[in-house]
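Visitor: I have a structure open and would like to go through it with someone. Can we start from the overall fold and then pick out some details?

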Amino acid sequence: MKKVWIQNCLHFIFPPLCPLCKDVVDGENTLCPTCWPHIEFIADPCCDQCGLPLATASLHEKEKCISCLQHHFSFTQNRSAILYTQTSKKMILDLKHGHKLSIAPLLAQWMVRSGHKLIEKSDILIPVPLHWTRLLKRGFNQAAVLTQHIGKKTNTPYLLNTLKRVKRTPSQDGLSASARQKNVHHAFIVPNPQDIRGKSLLLIDDVMTTGSTLEACAKVLIQSGAKCVRTLTVGRVCPRLKQGSKI
Ligand SMILES: [Zn+2]
Ligand SMILES: [Zn+2]
């Protein structure tokens, strides 16, 4: 009762704001009615492997997109909560570069909603790591922050230091698929493989573009003895997708 009273007082003095337009909203961790329609949630039907939205549902439950029919990932499945559009990009960059950690619970909430089946199948959550020099500069790893929120929300164990980035790779932004792959080649190690041996892992990151970072991480986790790796991201880049349309 006392807690609710304190919270009401705090809301009166510092009303919760929409993270996108800063309008006052009804409660914590939500958007205002104007900004909501600009978020494009990824729902079924989507590719069974990479989670890309598909145009039509198929009778075949494990339908794959054209790219996944030709390409195998080391991770079993990816799911992403929302399309990486101008609006969601702003939220993710505000978290990452604007240090707005208050956005993380909302993004984690969306990830839990779209990835609950993957979370249920996982023993441990693991974030995609930053190189220590970038971590020092930024002060936090956005993937680790999301992992902690998801772990606490769903009571799923998480390990924040299992995977290490040993190569200081330039940003993947603007690189081609093959350049991205080369960029993260041999970039990750698992210093203590006993922590993950025989475990089903869920790898957490902010955005999936071509999947090369997730692939490089999943590959080394499998080589280190993980039973399987699934992946979950907030945003999904879909270059062939114009806003509002599906492939
Ligand atoms: Zn708004
Ligand atoms: Zn796919």
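This is a predicted model: local features need pLDDT of at least 70, side-chain atom pairs count only at pLDDT 80 or more; totals for chains, interfaces and linings use all residues.

Visitor: How many helices and strands are in the chain?
Guide: The chain has eight helices and six strands. Along the sequence they run α-α-β-α-α-β-α-α-β-α-β-β-α-β.

Visitor: What percentage of the residues is buried?
Guide: Of the 247 residues in the chain, 34% are buried.

Visitor: And the contacts, what share join residues at least 24 apart?
Guide: That share is 70%, taken among contacts between residues at least 6 apart in sequence.

Visitor: Now helices. At what angle do H4 and H6 pack?
Guide: H4, residues 104–120, and H6, residues 142–154, pack at about 60°, and their axes are 9 Å apart. That angle makes H4 oblique to H6.

Visitor: Left-handed or right-handed crossing?
Guide: H4 passes H6 in a right-handed crossing.

Visitor: Which residues in H4 meet H6?
Guide: From H4 they are Ala104, Pro105, Leu107, Ala108, Met111, Val112 and Ile119. On the H6 side they meet Val145, Leu146, His149, Ile150, Lys153 and Thr154. By class, this contact has ten nonpolar, two polar and one charged residues.

Visitor: Switching to the core. How many residues are in the largest nonpolar one?
Guide: The largest nonpolar core has 52 residues. Those with the most contacts inside it are Leu107, Leu146, Leu203, Ile204, Cys217 and Leu221. Elements that each supply at least two residues of this core include strand E1 (78–83), helix H3 (86–96), strand E5 (200–208) and helix H8 (212–223).

Visitor: Which element gives the largest share?
Guide: H4 does, with seven residues of this core.

Visitor: What is Ile204 in contact with?
Guide: Setting aside neighbours within four places in sequence, Ile204 is in contact with Leu125, Ile126, Pro127, Val128, Ala143, Leu146, Thr147, Ile150 and Leu232.

Visitor: Different topic. Where does Leu17 lie?
Guide: Leu17 is in the loop between helix H1 (2–13) and helix H2 (66–70).

Visitor: Why does Leu17 count as partly exposed?
Guide: Leu17 has 14 C-beta neighbours inside 10 Å, so it counts as partly exposed. A buried residue needs 20 or more, and an exposed one has 12 or fewer.

Visitor: What does Leu17 touch?
Guide: Not counting residues up to four places away in sequence, Leu17 touches Lys22, Asp23, Val24 and Val25. Leu17 and Glu28, eleven residues apart in sequence, are 7.8 Å apart from C-alpha to C-alpha.

Technical notes:
Residues are numbered from 1 along each chain as its sequence is written. Chains are lettered from A and ligands numbered from 1 in the order in which they are written. Helices (H or I, at least four residues) and strands (E, at least two) are DSSP runs, numbered from the N terminus. Two residues are in contact if their C-beta atoms, placed from the backbone, lie within 7 Å. Axes are lines fitted to C-alpha atoms, for helices over the stretch in contact, and angles run from 0 to 180 degrees between N-to-C directions. Angles under 35 degrees count as roughly parallel, over 145 as roughly antiparallel, 65 to 115 as roughly perpendicular and the rest as oblique. A crossing is left-handed if the near helix is turned anticlockwise from the far one by less than a right angle, and right-handed if clockwise. Ala, Val, Leu, Ile, Met, Phe, Trp, Tyr, Cys and Pro count as nonpolar, Asp, Glu, Lys and Arg as charged, and the others, Gly among them, as polar. A nonpolar core is a set of buried Ala, Val, Leu, Ile, Met, Phe, Trp, Tyr and Cys residues joined through C-beta atoms within 7 Å.
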